[in-house]
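Q: I am new to this and would like to learn how to read a structure, one feature at a time. Could you take me through it?

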Amino acid sequence: MPPLPTFALALILSVQIAPVLAATTERRDEFFWLGEMNKATAVINADEGLLDKAMVPRVAGGIAKVLADGSLPGAKRPSSVITFEPLLIAAAGPEVTLLHAGRSSQDMHATYRAAILRDDLLNLADQLNRTSASLVRLAAKHRATIVPNYTNGVAAQPNSFGHYLLGHAAGLERDAQRIRETYVRIDRSAMGTTVLNGTSWPLNRPRMASYLGFAAIVDNAYDAAQISSTEQPVEVGAVVTSIALHAGNFIEDVMTQYAQPRPWILLQEGGGNTYVSSAMPQKRNPGLLNATRRDASTAITLAMGTIIQAHNITPGMGDAKEVSANSAMVNSAIVFLKGWDKILNALVIDPQRSLEELNSDWTASQELADVLMRKYKLPFRLGHHFASEIVDYAKEHNIKPLDFPYDQAQRIYRDAVKDQGGELPMSEQEFRSTLDPVAIVNNRATTGGPQPVEMERMLKGARLSLSQQEDWIKERRVRIDVALTRLDSDFNRLLSTAR
């Protein structure tokens, strides 16, 4: 087949290539990355003498035509080497397959799978950061809102709602760490390893990795397509699972309030957050909570699928590698994170009601034992026994914490510590302040506790982590974009030789 006419190449370069580059940047699918690999191969092999210079214009023009055709509305965008290559042959003749020396669908597919999963991870990291930012903003707003915390489904201790939210934010920060760590292992190029043990062609693997925006190569040629590319979606699935578990924990905690006749935390009605029962007029069902929990469960299901598919197969099989399935898994996590973000921005907190719940139960009773031990050196177990006796008496006589008679507290103390003797060392004022949920929270001394000074420190740290994560995402995206722009520039140089 004769070389493409100079005017044809010029037309492709000046009219078709610029728009197709813009379009494919937005659609970094298998077709896009196959095109980038072919462009990079043409540039590198031409520069390093592995491609006859007389063939360069025809090869470059053929690649350009295939990419331009694939950008047209409704055009086919082949996703495999064996369906992409016939288009190259049709555009530039069989000689264009000289590009395929030292390559295989194994290393090429492993490369585009990593590249697509890499983009997916950055999208996941971006949404995770947005949802985490909403958590931190809400924590700052409610740093002084005192609410009950629960263990075993039972009200356990008073806490700052902001402190509780920062606990969830800390879990998501670990998820962000997992994404960054996973990204390093995925951000490696398999290109140039062929199938199992490399090739006799001296392909420049590091330069290829650089053009495709990868930070490194997969070092071992057998590992590249046989081992590493199978474990990548499994590792990403573990990250998705961790985030989904955190989402489920939070949602179920909110859901428990909906079982109460007077909850202290609800979703703002309307806007798709709640819906009315078809039969019971009084009900406002938390549809957003239900839907987001379902979406998180769907994400876990898809993540578990990668493990099942990768289980008991010989190395290199494609069961767990499918791009569409793995992208769907990551996107499912983005969906429930968006739902969680909407929940956070729709929560309505009633501080008076939460404080009422605290003061109607004995969630502050542990503080009695703590203060008696810290200030008055009473062994904790004796103090715990005293506090327990206080609670038993109060429940038997339906007495709330702030109404407990001081003289009864004195009597119970004498009975509880009779072997050691002595009177209750707390004054009545101290006894009552010890049972005040607000005072308990503000007087915490533990590093990482809900007291104001620690809340300010942790909020500052959370905001810094969010900012650093945002910078990390931007840096990775810029590096990929810069690499691909450099590749476009060098490939266009090849095209210009045909003018």
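Q: Let's start with Asp-253: how should I read its relative accessibility, and is it buried, partly exposed or exposed?

A: Bear in mind that this is a predicted model. Asp-253 has 28% relative accessibility, so it counts as partly exposed.

Q: Where is Asp-253 found, and which residues does it touch?

A: Asp-253 is found in helix H8, which covers residues 221-257. Leaving aside residues up to four places away in sequence, Asp-253 touches Tyr-150 and Tyr-164.

Q: What does a buried residue look like, say Thr-131?

A: Thr-131 has 0% relative accessibility, so it counts as buried. You will find Thr-131 in helix H5, residues 105-141. Not counting residues up to four places away in sequence, Thr-131 touches Leu-337, Trp-340, Asp-341 and Leu-344.

Q: How many residues of helix H2 are buried?

A: In H2, 17 of the 18 residues are buried, so this helix is largely enclosed by the rest of the structure. H2 runs over residues 30-47. You can check its length too: from first C-alpha to last, H2 reaches 26 Å, close to the 26 Å expected at 1.5 Å a residue. After H2 comes Gly-49, with a positive phi near 80 degrees.

Q: Now the strands, please. How many bridges join S1 to S2, and do the two run parallel or antiparallel?

A: A general idea to begin with: side chains in a regular strand alternate between the two faces of the sheet. Here, strand S1 (residues 146-151) and strand S2 (residues 154-160) are joined by six bridges and run antiparallel. To follow the pairing, find Ile-146, whose bridge partner in S2 is Ser-160. Then find Val-147, which stands opposite Asn-159 in S2.

Q: What do S1 and S2 form, and how many residues are between them?

A: S1 and S2 form a hairpin, with two residues between them. Asn-152 lies in the loop between these strands. With a relative accessible area of 80%, Asn-152 is exposed.

Q: What should I look for in the phi of Asn-152?

A: Most residues other than glycine have a negative phi. Asn-152 has a phi near 55 degrees, a positive value in a residue other than glycine.

Q: Where is Asn-398 found, and what is its phi near?

A: Asn-398 is found in the loop between helix H13 (380-396) and helix H14 (406-416). The phi of Asn-398 is near 55 degrees, again a positive value in a residue other than glycine. At 73% relative accessibility, Asn-398 counts as exposed.

Notes:
Residues numbered from 1 in each chain as written. Predicted model: local features only at pLDDT ≥ 70, side-chain atom pairs only at ≥ 80, totals over all residues. Heavy atoms only, no water. Pairing = 2+ DSSP bridges. Helix = DSSP H or I, 4+ residues; strand = E, 2+ residues; numbered from the N terminus. Buried < 20%, exposed > 50% of the residue type's maximum accessible area, 1.4 Å probe, protein only. Contact = heavy atoms within 4.5 Å. Expected span 1.5 Å × (residues − 1).
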